[in-house]
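Have the sequence and the 3D view ready.

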Amino acid sequence: MKQRIYIGEASLNNLDIILQEYSAKKVFLVRGKKSYELCGAQSRLNSILKKVGVQIFEFHDFEENPKIEDLDRGLLQLRVYHPDLILAIGGGSVLDMAKLLRFFYSYSGNKIGRVFEKIENLLPLIVIPTTAGTGSEATSFAVLYKNKVKYSVSHEDILPEIAFIDPYFTYNISRYLTACTGFDALAQAIEAYWNLNATNESDVFAVKAIKLLWPNLPLAVNNPTKEVRNSMSEGAYWAGCAINITKTTAPHAFSYPFTTYYGYPHGHAVALTFPFFMEYNVGSILLKHGTIFDKMIRLMEILNITNVNECKSLLCDYIENIGLDLKLPANFDHRVILSNINVQRLSNNPVRIDGAVAKTALNTLCINCLLYTSDAADDR
């Protein structure tokens, strides 16, 4: 399925046309809680939906990082309401929930399995991200948690038919949320570029995303303008397109237990180990030659890194500059992270990560904690 995408300020003005195109009378709206009103989505959507004259059922009774119990509860309500289409507006968790609801409304099978059977036609799905970061609007997979374990449900029919990338909703989000979601997008783009699964198409998406995100993320956090926010939203979309082909690598593989067991928001969790893996992957590959060698040289040029030995310190400084502290909690336990690394994502890394390297990554993180501390947590 080829996705229809509308990018740019005021792109959402096309929503009423799309709703009329689908002859939608009943819409199942998946949304955030407080964020729905705070980002301006409530007032803007209400005017559009009122103009079209559709009936709305709102679903927002779920936690961040969609859990299987939340999904089951939403599916019950979806089947009772029986809408003409699903509309989702919010951050990555909201979009993932909508994607899962749409998929399992039409498919049977173990929700954390890999074999699914289509039992009825898909409902149309329209998504509107309100953060610039997760890329969920562009991917054919969605995160689902069961018993604190993260699963990725993947199928071509999980990809939304239509996505509106309207940066208006990101204009007033906090510095900390901007940093978390923005760094997630940047990490996705870089990880897609060095990925074992990279293709010519994913490389085009990844480079486009990196060039938009790398220079604009510090500005979006520290000195935001509409132009900067617009670039971040577009960059996040292209990063999502890239990982839709490649999936992610080591920094994401390590991030999930930091979120599950220590409460770090996803983008912040990814940032914790990213400096180590940036230096490790680039340094290891530059000792060899071949296609991936040339790509690493180009990546360093895009990021304006002149010396591989500067990778880690440069990334640490960059992360500190956007307000994400590298301080670990007092109760941090290496074993919790090491026993919950996502092996599937780790297998996409361009350099093999064994147990010794994993321990080194966490030991390096502990050392970073002594060197890089900030008051960033106060802005959460």
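## How H6 crosses H7

A crossing is called left-handed if the near helix is turned anticlockwise from the far one by less than a right angle, and right-handed if clockwise. With that in hand, turn to this predicted model: H6 passes H7 in a left-handed crossing.

Now for the geometry. Helix H6 covers residues 175–193 and packs against H7 at an angle of about 155°, their axes being 8 Å apart. Angles over 145 degrees count as roughly antiparallel, so H6 is roughly antiparallel to H7.

From H6 they include Arg-175, Gly-182, Phe-183, Leu-186 and Tyr-193, and H7 brings, among them, Asp-203, Ile-210, Leu-213, Trp-214 and Asn-222. What is the make-up of this contact of H6 with H7, in nonpolar, polar and charged residues? It has 17 nonpolar, three polar and two charged.

## H7 against H12

Helix H7 (residues 200–222) also packs with H12, at an angle of about 35° and with the axes 9 Å apart. On the H7 side, the contact uses Leu-213, Trp-214, Leu-217, Pro-218 and Asn-222; H12 answers with Leu-314, Leu-315, Tyr-318 and Asn-321. Sort the residues of this contact and you get seven nonpolar, two polar and no charged.

## A closer look at H12

Which residues of H12 are buried? In this helix, residues 311–321, they are Cys-311, Leu-315, Cys-316, Tyr-318, Ile-319 and Glu-320. Leu-315 and Tyr-318 also turn up in the contact with H7.

Technical notes:
Residues numbered from 1 in each chain as written. Predicted model: local features only at pLDDT ≥ 70, side-chain atom pairs only at ≥ 80, totals over all residues. Heavy atoms only, no water. Buried < 20%, exposed > 50% of the residue type's maximum accessible area, 1.4 Å probe, protein only. Helix = DSSP H or I, 4+ residues; strand = E, 2+ residues; numbered from the N terminus. Axes fitted to C-alpha atoms, helices over the stretch in contact; angles between N-to-C directions. Contact = heavy atoms within 4.5 Å. Nonpolar A, V, L, I, M, F, W, Y, C, P; charged D, E, K, R; others polar. Parallel < 35°, antiparallel > 145°, perpendicular 65-115°, else oblique.
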